[in-house]
Amino acid sequence: MSGKGLFGRIDWLTVFLYACLVLIGWINIYSTTLSDPNASIFDFSTLYGKQLFFIGLALAGVVLVLFIETNFFERFSSIFYIISMVLLLGLFVFGKTIAGATSWYDLGFFNLQPSELAKVATALALAKYLSDIQTDIKNRKHQLYALLIILLPALLILPQPDPGSSLIYFSLFFVLFREGFPLYYFGILLTIVILFAATLMFGTVWVAIGLVTLTILIFIFKRKSTKIPILPLVGGIVASVLFSLSVGFVYENVFEQRHRDRFALWLSLEKDEKKLEEIRKTIGYNTYQSEKAIESGGFFGKGFLEGTRTKGDFVPEQHTDYIFSSVGEEWGFMGTVTVILLFSFFFLRLIFIAERQKNDFSRMFGYGVISILLIHYFINIGMVIGLLPTIGVPLPFFSYGGSGLIFFTMLLFIFLKLDSNRLKDGI
């Protein structure tokens, strides 16, 4: 037996990086929401005070996770998954609508967003299923079951409507590919994304013409020795055209006007200059002001509590989805680089920890954690700097919000708890 106790087996470098991100995030929440300089930081009527309370709840959750038996998470992963699906279904009856999305339960002192719990539960359930000795990821039936585990919560969240949160679950495909899922599924996913964007930009007719033209070029330039199966090729073209035909229905009936406006701005779909200018001033306003705030910070920034755009409330939702813009304005290029480096070291460390796992469940769950946190990071930074449309995805450990911080923390520390078990017997 190893002589190390629980706290000797925890990966403290990861804990340190986590603490740095939470602390810097809270400092920026304080800066973006401070209205009375004389108010106490423990004033729980303020947003920064509430975030301190959420940090306390998250730390209490950490203590709970660390003192639970390691095999508890694997043993009860299916139960957690079922509970989270029931909570998602319950939103259609008991949910509270905030900013156009019915995604929360009103608990009085706290709004619970079950989609955050579902991320933890889905990562656990997927790891449990894939690590089962009877599961063969090369088997089509087992592939279908794995896909259903991922897609079910995404389909329940999409009509809230919350396409941003729904999109997060597709990051778990990375776990499947890491464990040997056929790569042609990645090609299918990429094709779906391209077809969706191309249909919005050019229409189904031009998409069909493009597919036929591409097929002809393949036959013209292929090697004589290369045989192309005709039936699957024709089936693929037909399926692509049918999917393209469905895009219009999904776009008009699933997405709300605010989502359609964001796509219109991002993909330059709107040709009417007056309408486009109106969209820039409304839907695109956040991104425009975010970019200006980051740009105004220069190299070293304006200084803590000195951000004029932050203090002037130029960037809506700056304490949540656009928290990174406050880093750019007050701490400048050096501040943004520091945060990006912290996240980079954090993700590299998690990959290192995942790869050293001897237990399949621990490794697969670890990659689930990495996938979920990484896609949040990329989407959030991308939309803040204008590379991606605004879809309401928070920056992990940074953005204001109880559900996000608590369940991101639980997600991370369940993995660290599993990793600590690796050293329990001196492995």
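This is a predicted model: local features need pLDDT of at least 70, side-chain atom pairs count only at pLDDT 80 or more; totals for chains, interfaces and linings use all residues.
Student: How much accessible surface does the protein chain have?

Tutor: About 21100 Å². Carbon and sulfur atoms account for 69% of that surface.

Student: Now the inside. Which residues touch the most other members of the largest nonpolar core?

Tutor: The general idea comes before the case. In soluble globular proteins, nonpolar side chains tend to be buried together. Here the largest nonpolar core holds 97 residues, and those touching the most other members are L126, L130, L176, F346, F365, L373 and F397. Helix α18, residues 360-384, gives the most to this core, with 13 residues. There is also a second, separate core of seven residues, with F196, L200, V247 and Y251 among them.

Student: Let me follow one residue. Where does F397 lie?

Tutor: F397 sits in the loop between α18 and α19. Buried means under 20% relative accessible area. F397 has 3%, so it counts as buried. Leaving out residues up to four places away in sequence, its contacts include Y18, L21, F346, L373 and L412. Look at its backbone too. F397 is not a glycine, yet its phi is positive, about 70 degrees.

Student: Which residues make the nonpolar surface patch?

Tutor: I41, F42, F44, F53, L57, L107 and F109 make it, and the patch covers about 690 Å². Take F44 as an example. This residue is in the loop between α2 and α3. F44 is partly exposed, with a relative accessible area of 46%.

Student: Next, charges. How many salt bridges does the count come to?

Tutor: Again, the idea first. Side chains of opposite charge can pair when their charged atoms come close. In this model the count comes to ten salt bridges. One of them joins K119 and E116, at 3.0 Å from N to O. Both residues lie in helix α6, three residues apart, about one turn of the helix. K119 counts as buried at 3% relative accessibility, and E116 does too at 4%.

Student: Which parts does the pair of E179 and R363 tie together?

Tutor: First, the bridge itself: the closest N and O atoms of E179 and R363 are 2.9 Å apart. E179 is in the loop between α9 and α10 and R363 is in helix α18, so the pair ties together parts 184 residues apart in sequence. E179 and R363 are both buried. They also belong to a network of salt bridges that links R178, E179, E355, D360 and R363.

Student: What about R356 and D419: how far apart in sequence are the parts they tie together?

Tutor: Their side chains meet at 2.8 Å, N to O. R356 lies in the loop between α17 and α18, and D419 in helix α19, so this pair ties together parts 63 residues apart in sequence. R356 and D419 are buried.

Student: One last residue. Is Q143 buried or exposed?

Tutor: Buried, with a relative accessible area of 1%. Q143 is in helix α7, residues 140-157. Its side chain reaches the backbone oxygen of K138 at 3.4 Å. Beyond neighbours within four places in sequence, Q143 is in contact with I137, K138, F181, P182 and Y185. Q143 and F181 are 38 residues apart along the chain, and their C-alpha atoms are separated by 7.7 Å.

Conventions
Residues are numbered from 1 along each chain as its sequence is written. Side-chain values use heavy atoms; hydrogens and water are left out. Helices (H or I, at least four residues) and strands (E, at least two) are DSSP runs, numbered from the N terminus. Buried means under 20% relative accessible area, exposed over 50%, partly exposed in between (1.4 Å probe, protein chains only). Contact means heavy atoms within 4.5 Å. A polar contact is a pair of N or O atoms within 3.5 Å; within protein, one must be able to donate a hydrogen and the other to accept it, and residues adjacent in sequence count only if both atoms are side-chain atoms. A nonpolar core is a set of buried Ala, Val, Leu, Ile, Met, Phe, Trp, Tyr and Cys residues joined through side-chain atoms within 4.5 Å. Patches are made of residues with over 30% relative accessible area and no salt bridge: like charges are joined within 9 Å, nonpolar side chains (Val, Leu, Ile, Met, Phe, Trp, Tyr) within 5 Å. Accessible areas come from the Shrake-Rupley method with a 1.4 Å probe; for residues, only the protein chains shown count as cover. A salt bridge is a side-chain nitrogen of Lys or Arg within 4 Å of a carboxyl oxygen of Asp or Glu.
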